[in-house]
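Please read them with the structure open beside the text.

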Amino acid sequence: MRYYGRLIRYHSNQFKQRLGKMATQKEEEAANYLKKHRIIELMDNLTSMLLFYRPENPREFLVEQLKNLKMSQQTGVKGPNLFNNLNLDAILGILDPTNKKHISFAQYKQALTMLGIKDISECPEGVNEDRISHETFKTEAIQGLQRYSETYAQL
């Protein structure tokens, strides 16, 4: 799954770099439109879910995901996401094999970055002691993943 995420991010970054080099006004307007409406993030998210779940009917799956996003926007309920608490527990099991119930700030940052979270809190609870609790990590991860999957403007 991580491979697909990296593959998608690579192509997305290549696309973003090409957009950044565009010179004409129409191209700049198109790039601004994509950025304003978070189209790149939406496509990244949908493509990741397609590759992860590999549904028999991809179009139906995509329509369902878009309906879920719309409902999430309208109700404020958490939208579709690839990661859940079990996945985060597995990551914590790797980062904290002796189950001390905390990880270092460096591990926290690295794990959130690997999950694709860009706006990582530099001051999570426990940072001064370099002991980020599992619960703090999971809370920050879930919030960051939710921000990433919210490819719409709040109503």
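1. Is Phe 105 buried or exposed in this predicted model? Phe 105 counts as buried, since its relative accessibility is 16% and the cut-off for a buried residue is under 20%. Its aromatic partner is Tyr 108, and the two rings have their centres 5.6 Å apart with their planes at 25 degrees, so the pair is stacked. Both residues belong to helix H6, where they lie three residues apart, about one turn of the helix. Tyr 108 is buried as well, with a relative accessible area of 0%.

2. As for the overall fold, the protein has seven helices and two strands, and along the sequence these follow the pattern α-α-α-α-α-β-α-β-α. Of the contacts between residues at least 6 apart in sequence, 68% join residues that are at least 24 apart. Buried residues account for 34% of the 155 residues, while the protein exposes about 10,400 Å², of which carbon and sulfur atoms supply 55%.

3. Helix H5, which covers residues 85-95, deserves a look from the end, along its axis. Leu 88, Leu 92 and Leu 95 are buried there, and they cover an arc of only 60 degrees around the axis, which puts them on the same side of H5. Leu 86 and Ile 94, by contrast, are exposed on the other side of this helix.

4. A search of the whole structure finds two salt bridges, and one of them joins the side chains of Lys 109 and Glu 122, at 3.6 Å from N to O. This pair also links distant parts of the chain, since Lys 109 sits in helix H6 (residues 105-114) and Glu 122 in the loop between H6 and strand S2 (132-133), 13 residues apart. Lys 109 counts as partly exposed at 30% relative accessibility, and Glu 122 is likewise partly exposed, with a relative accessible area of 46%.

5. On the aromatic side chains, the search of the whole structure finds three aromatic pairs. Among them is the pair of Phe 52 and Tyr 53, which is edge-to-face, with 4.8 Å from centre to centre and 85 degrees between the planes. Phe 52 counts as partly exposed at 37% relative accessibility, and Tyr 53 is partly exposed too, with a relative accessible area of 43%.

How values were computed: Residues are numbered from 1 along each chain as its sequence is written. This is a predicted model: local features need pLDDT of at least 70, side-chain atom pairs count only at pLDDT 80 or more; totals for chains, interfaces and linings use all residues. Side-chain values use heavy atoms; hydrogens and water are left out. Helices (H or I, at least four residues) and strands (E, at least two) are DSSP runs, numbered from the N terminus. Buried means under 20% relative accessible area, exposed over 50%, partly exposed in between (1.4 Å probe, protein chains only). Contact means heavy atoms within 4.5 Å. Accessible areas come from the Shrake-Rupley method with a 1.4 Å probe; for residues, only the protein chains shown count as cover. The arc is that of the directions from the helix axis to the C-beta atoms. A salt bridge is a side-chain nitrogen of Lys or Arg within 4 Å of a carboxyl oxygen of Asp or Glu. Rings of Phe, Tyr and Trp (its six-membered ring) pair if their centres lie within 6.5 Å; planes under 30 degrees apart count as stacked, over 60 as edge-to-face and the rest as tilted.
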